[in-house]
Amino acid sequence: MFATYVHNLDPIALPIYGGLALRWYGLAYLMGFVAGFLLLRNLARRGLWVLKPEKTADFIAAAALFGVFLGGRIGWVLLYLKDGMFRNWGLNPEWLAAMKADPLLVFRVWEGGMASHGGILGLVIFTWFYARKEKVTWTGLGDGLCVVAPLGLLFGRMANFVNGELYGRVANGVGWAMKFPLTLVDGKAPEYDRFNDAATAAVQVEPKLGPAYQALETATNQDFPYAKSAYFEALLDANRHSDKVTNAIEPYLEPRHPSQLYEAMLEGLLLFTILYLVRVRFPKAPDGLLTGLFFALYAIFRIFGEHFREPDAAMVGAFTKGQFFSFFMFLFAAAFFVHAWRGWKKVDG
């Protein structure tokens, strides 16, 4: 049904002024935090969380800043920037050069670049300190957070789809496959070699692309990357507003899995449903059980979902980086399951 659909959604939800804009990506984070706050407060009022309802707002605000944003951004810088900090069992020279050239990039969250594994680890560390401060059990605090965390993952993956990023692998013969223009500048994708053909086809049907195309044609070797980037941004904008441009570039794009939607359903909706049902139906479940379930199920869903997602970083042997780091989450899951089992044995005994 969607094999010829070319992604043309605008990542900007609302232009503001002077180049400032409200983006769907930012709104996704906001929606995740609001949903998390409302649900955690509800659980607290029902006695299903260790914090009092009036503490929920402060907890979510601190978790967002010190857990999600700080952990997610640092995780991306360490694991994905220039293919990560380490390469071949040593420091990655490209990563070092990027950090020396722009050490402040780690703080520019609004430019994109967040790692879900980093965000999860950031929340683990943050909740440990917060639990000590509030004198509540760390595992009990984490259990509540793990119930609502998949909602943030759900909104985040939907925002990835709106942005047309983190697209899937080529999916010939899949009826719901979609085509993503960002593949034209992805050096690992077959579409990359068709950029010039797509650029020529688009300018033939959209005169407004003429100046950017002319600059691309006459650019020197030194200026070519900037001219190509400028033309591509103009092409993306034209694709969002002109069916003629969309139809012109469509033949040069491969049908791909909408892996962002797969992950939104697995890591987001399905994971949330399972954890919420366990929380509500087993109110006396030992502390740590839900956290263990979160780590185990997230790892399973992420490893499975990565089979359909185009790798966005260097492979680790036969596995994508997302799969590789997910394997370590089984160790965390096992530790929390053991803790929960010991708690259950004490109560049962």
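Ring pairs join Trp138, Phe294, Phe295, Tyr298, Phe332 and Phe336 into a cluster, where rings of Phe, Tyr and Trp (its six-membered ring) pair if their centres lie within 6.5 Å, and planes under 30 degrees apart count as stacked, over 60 as edge-to-face and the rest as tilted. The model is predicted, with local features needing pLDDT of at least 70 and side-chain atom pairs counting only at pLDDT 80 or more, while totals for chains, interfaces and linings use all residues. Residues are numbered from 1 along each chain as its sequence is written, and side-chain values use heavy atoms, with hydrogens and water left out.

**Aromatic pairs**

- Across the whole structure, a search finds 25 aromatic pairs.
- Trp49 and Phe59 form an edge-to-face pair, at 5.3 Å centre to centre and with 70° between the planes.
- This pair links distant parts of the chain, with Trp49 in the loop between helix H1 (24-45) and helix H2 (56-79) and Phe59 in helix H2, 10 residues apart; helices (H or I, at least four residues) and strands (E, at least two) are DSSP runs, numbered from the N terminus.
- Trp49 is buried at a relative accessible area of 7%, and Phe59 is buried at 0%, where buried means under 20% relative accessible area, exposed over 50% and partly exposed in between (1.4 Å probe, protein chains only).
- Tyr262 and Phe308 also form an edge-to-face pair, at 5.4 Å centre to centre and with 85° between the planes.
- Here Tyr262 lies in helix H10 (residues 259-281) and Phe308 in the loop between helix H11 (289-305) and helix H12 (321-348), 46 residues apart.
- Tyr262 counts as buried at 19% relative accessibility, whereas Phe308 is partly exposed at 24%.

**Charges over rings**

- Lys133 lies over the face of Tyr130, at 5.6 Å from the ring centre, the criterion being that NZ of Lys or CZ of Arg is within 6 Å of the ring centre and within 35 degrees of the ring normal.
- Lys228 lies over the face of Phe195, at 4.6 Å from the ring centre.

**Second largest pocket**

- The second largest pocket holds about 990 Å³ of space; on a 1 Å grid over the protein atoms alone, a pocket is an open set of points where a 1.4 Å probe fits, with protein on both sides within 12 Å along at least five of seven lines, and lining residues have an atom within 4 Å of a point.
- Of the 34 residues lining this pocket, Leu78, Leu79, Phe86, Phe324 and Phe325 are the closest to its centre.
- H4 gives the largest share of the lining, 10 residues.

Notes:
Grid points are joined across faces, edges and corners, and a volume is the space filled by probe spheres set on the points.
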